[in-house]
Amino acid sequence: MARRVTSSSILGPVVATVVVTLLVGFTTDRFFLVDNLRNIAMQVSIVALLGVGSTLVIFAGGIDLSPGSAITLLTMLLATMLKFLNFPLPVAIVATVLVGAVLGLWNGMLTAYLRIPAFITTVASLSIFRGFAFMFNNGSPIFSISNSLTPLFYNTILGVPFVVFYVIGFFALAAFMMNYTELGRQMVAVGGNPGAARFSGINVKRIIMLSFVLAGVMAGFGSILMAARLNSGSPNYGVGMELSAIAAAVIGGASLQGGKGNVISTLFGALTITIVQNGLNLHAVESSVQGVVIGLIIMLAVFIDMWRVEMWSAVSRLGRMVTRDRAGERDRR
Amino acid sequence: MTAGMKALWEIESLTKYFPGVKAIDGIDLKIYPGEVHGLLGENGSGKSTLVKCLSGVHQPTSGRMYLRQRPTIVHDPLTARSLGVATIYQELSLVPIMTVSENIFLGHLPRRRGARIVVDWAEVHRRSSLLLERLGITLDPVAIVAELSVAEQQLVEIAKALSLEASLLIMDEPTASLGMDEVRRLHELVRNLARQGCAVIYISHRLDEVVDLVDTVTVMKDGRIVASEPRARIDLARIVSLMIGGDFRSHYPKERNLTTDVLLDVRGIRTARSAAGASFILHRGEVFGLAGLIGTGRTAIAHALFGIDRVAGGSVRSYTGRDGGRMSLFRSPREAIAHGVALLTEDRKATGLFMAFTGVHNISIAKLARISRLGVLNLGKEQELAREHFEKLRITPAASDSSVQYLSGGNQQKIIIARWIFSEADVFILDEPTQGIDVGAKVEVYNLINALTREGKGVILISSDFEELLAISDTIGIVRDGEIVEVKNAEDMDKQDLVEKVFVRRTV
């Protein structure tokens, strides 16, 4: 029984999401307004998509610090293609996703085949991608890029924003991949024990590379939403977003050692962060304080994850002691 | 020599239970100063549990221990240390990037007088030189530990254990990974220590090695002492029979399923790690045992066949169902698995199990193609097939939905064997398959080997346990420097032959 509780990785993040929802919901009267909920959905969407990619990389035993910068570069690229090169929208979208995949391929090649630690590779990429972003349009933002782009982000069906469907769609795909495909199984195997994976006939390098490519693809989709949301591209978009994405994965219970976690949990991780941010905004808390709060939440999540087993046994020990005391009382009577 | 002398440690009716097992059962033992006390017994006979009570790792369930006639309780390893008990386990606990003397004084480096936070390096080196000299160890105190041989590292370990005053040194199978010369050096050191008045408990399961060294031999079996005698009265033959109880072969279930159908024809296979080139033929139903010391290239041969190491030369023809005499030098484990070769590695944790996976997922991982179509897994079929393997191999049902880290070593090992049966392999390379599992599980592994050969599979068995190797193999290949120098029928060899072949010529 204890085993089941400690190994279920979705319960924690769901509880966290519910707790912060209740906290924010009961301390303000504006949280449950339709507009605010829609706002949260829009806020969470980009981080959630990046979170999918970060989770896959973490599952496979790596870490990706570059998706924020990939978003920066890709919004500039998309804006350039639409505004200056007059690409048709579908072509520009496909091209953006493909370039996203290439950025991931770059990270993956360096990490898997040149054996540069993922942390180093992607920190370098963080700098490189952002540098490239500044080469477009002399480093200036590109505004009002296309009127056909914004509906992709803002339109709704029966009052539900499109972005909700994107997020659900991508998480469903990712969950399917992790639970029902060879690739997903092999990814977790590589992250869990690369040595054993090699001896089990898995092409470890290829799997690591693929995890980064998929993260690049998710950055591509994320950048499209980003550009659609603001109808612009800017070398200042996406700054720090990689940390939100990793935080979403970590709050979702993905082990940074790799090989453990549940991709759906990342969605609840992203929701938790976003709702906390939303609550702080509703309470008009300064952004500097918000950074501190988010950081503390990440720490708490990792702490709980690390000590989950110990805490669970402590709780059950306490339970046993209580029942024993009661039995003792009965005996004395 | 012990007459009239007072015992350093006296153990009285010591018993230790683990859940469901009586590990040691009413042990009485006296250890005298200056005595080398050999503790013999098979794996699982209780030797390790006994010394772990002395070194504070385990708390005895009942019984008493006296240090110099005073009742003593050893609460933990730290207490043991302060009571003068130094223990050296098989696994080394050195920091590889540090020097010999840094390792020796790790945790209690001498400090400068007047500036306590500054390490007095001159003093460190002076004292470690002195210590090494006293122990008769010729090692450079400033050598980096990682650059030393395993044997030398073991000497450092001993020096480290003795850097604090010790009246009792416990050595748990210190020679398991050493060659003859190195063993001789270690024995000199042990005798030297005994002359200086230190008592030594020397655990081994290699009788031949211990008999010249020790003053007293104590033989354990099933948690009890079956004999404890001074060297003068040691009767080798009697002790052997006490230890293993007659003909060891009768303790092993062995079916002979050897056929004349060639399964694998290996000729002069070479890798960068084993230059000489190994040749042998594996038949259907055969267990081909590779005998040799650690580092002689047994594992290198396995890795070459499995596509782990790049093969530099030679040829392999396989006659598995898929390949009729096809050349099969595999460039990756993936290729090897696809052609029906399986490798159970010696290190279950590092290269075997996925600890976070359930048993089911651990079984299917090497051949997901069996349960998938176009890359999509059929989880129902996976469960069903895995269940069949659970039943067939008598793996605990708990493995089906909990992660394997909670399982016993025996169940874990059976899961890896199940993985390779699941992969539909024809050639099973088993590298130390019974390492670190209990006796009952070992027998199950032997029975599985029988089941494999009965179905016409071929097994290449690598084992450092000579009895197991002799009893389970049909054919034995002696490995030296990556070359198979001799192939013999296992039934025509006894243990003495094998020990001589493996050890003796190495030192010539």
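**View 1. Chain B as a whole.** Of the 508 residues in chain B, 44% are buried. The model shown in this and the other views is predicted. Chain B contains 17 helices and 24 strands. Among contacts in chain B with a separation of 6 or more, 69% are between residues 24 or more positions apart.

**View 2. The open sheet of chain B with strand order 6-9-10-3-11-12.** This sheet has 6 strands, and their pairing is mixed. Strand 6 (85-88) and strand 12 (224-230) of chain B are the edge strands; each has a single partner strand, so one side of each lacks a neighbour in the sheet. On average, and with direction ignored, neighbouring strands here are turned by 15° against each other. Helix 1 (residues 47-54) of chain B lies across strand 3 (36-40), strand 6, strand 9, strand 10 (199-204) and strand 11 (216-221) of chain B. Helix 1 of chain B runs at about 150° to strand 9 of chain B. Helix 5 (residues 150-161) of chain B lies across strand 6 and strand 9 of chain B, at about 165° to strand 6 of chain B.

**View 3. Strand 9 of chain B and its two pairings.** Strand 9 (residues 168-172) of chain B pairs with strand 6 of chain B in the parallel sense, over 4 bridges. Within this pairing, Val85(B) stands opposite Leu168(B), and Ile88(B) has Met171(B) as its bridge partner. Strand 9 of chain B also runs parallel to strand 10 of chain B, to which 5 bridges join it. Here Met171(B) stands opposite Tyr202(B). In a regular strand, side chains alternate between the two faces of the sheet. Are the two faces of strand 9 of chain B covered or uncovered? Both are covered: Leu168(B), Ile170(B) and Asp172(B) are buried on one side, and Leu169(B) and Met171(B) are buried on the other. In total, 5 of the 5 residues of strand 9 of chain B are buried.

**View 4. Ser82(B) in helix 2 of chain B.** Ser82(B) belongs to helix 2 (residues 77-82) of chain B. With 12 other C-beta atoms within 10 Å, Ser82(B) counts as exposed, because the limit for an exposed residue is 12 or fewer. Ser82(B) and Glu165(B) lie 83 residues apart in sequence, and their C-alpha atoms are 8.6 Å apart in space.

**View 5. The open sheet of chain B with strand order 18-21-22-15-23-24.** Again the sheet is made of 6 strands with mixed pairing. At its edges stand strand 18 (341-344) and strand 24 (483-489) of chain B, each with a single partner strand, so one side of each is left without a neighbour in the sheet. Neighbouring strands are turned by 20° against each other on average, direction ignored. Strand 23 (residues 475-480) and strand 24 of chain B run antiparallel and are joined by 6 bridges. One of the residues paired in this way is Ile478(B), whose bridge partner in strand 24 of chain B is Glu486(B). Helix 15 (residues 439-454) of chain B packs on this sheet and touches strand 15 (287-291), strand 21 (427-431) and strand 22 (458-462) of chain B. The direction of helix 15 of chain B makes about 150° with that of strand 22 of chain B.

**View 6. The contact between chain B and chain A.** Chain B contributes 25 residues to this contact, and chain A contributes 19 residues. On the chain B side, helix 10 (333-338), helix 11 (348-351) and strand 20 (376-377) each supply at least two residues. Which element of chain B gives the most to this side? Helix 10 of chain B does, with 3 residues. By type, the chain B residues that touch chain A divide into 16 nonpolar, 8 polar and 1 charged.

**View 7. Helix 4 and helix 6 of chain A.** Helix 4 (residues 67-84) and helix 6 (residues 118-133) of chain A pack at an angle of about 15°, with their axes 8 Å apart. This makes helix 4 of chain A roughly parallel to helix 6 of chain A. Their crossing is left-handed. Helix 4 of chain A makes the contact through Gly68(A), Ser69(A), Ala70(A), Thr72(A), Leu73(A) and Met76(A). From helix 6 of chain A come Ser125(A), Leu126(A), Phe129(A), Arg130(A), Phe132(A) and Ala133(A). The residues of this helix-helix contact divide into 7 nonpolar, 4 polar and 1 charged.

**View 8. Val34(A) in helix 3 of chain A.** Val34(A) lies in helix 3 (residues 34-59) of chain A. Val34(A) is exposed, with 8 other C-beta atoms within 10 Å. Between Val34(A) and Val160(A) the C-alpha to C-alpha distance is 9.9 Å, at a separation of 126 residues in sequence.

Key
Residues numbered from 1 in each chain as written. Chains lettered and ligands numbered in written order. Predicted model: local features only at pLDDT ≥ 70, side-chain atom pairs only at ≥ 80, totals over all residues. Pairing = 2+ DSSP bridges. Axes fitted to C-alpha atoms, helices over the stretch in contact; angles between N-to-C directions. Contact = placed C-beta atoms within 7 Å. Nonpolar A, V, L, I, M, F, W, Y, C, P; charged D, E, K, R; others polar. Parallel < 35°, antiparallel > 145°, perpendicular 65-115°, else oblique. Left-handed = near helix turned anticlockwise from the far one by under 90°. Buried ≥ 20, exposed ≤ 12 C-beta atoms within 10 Å, placed from the backbone.
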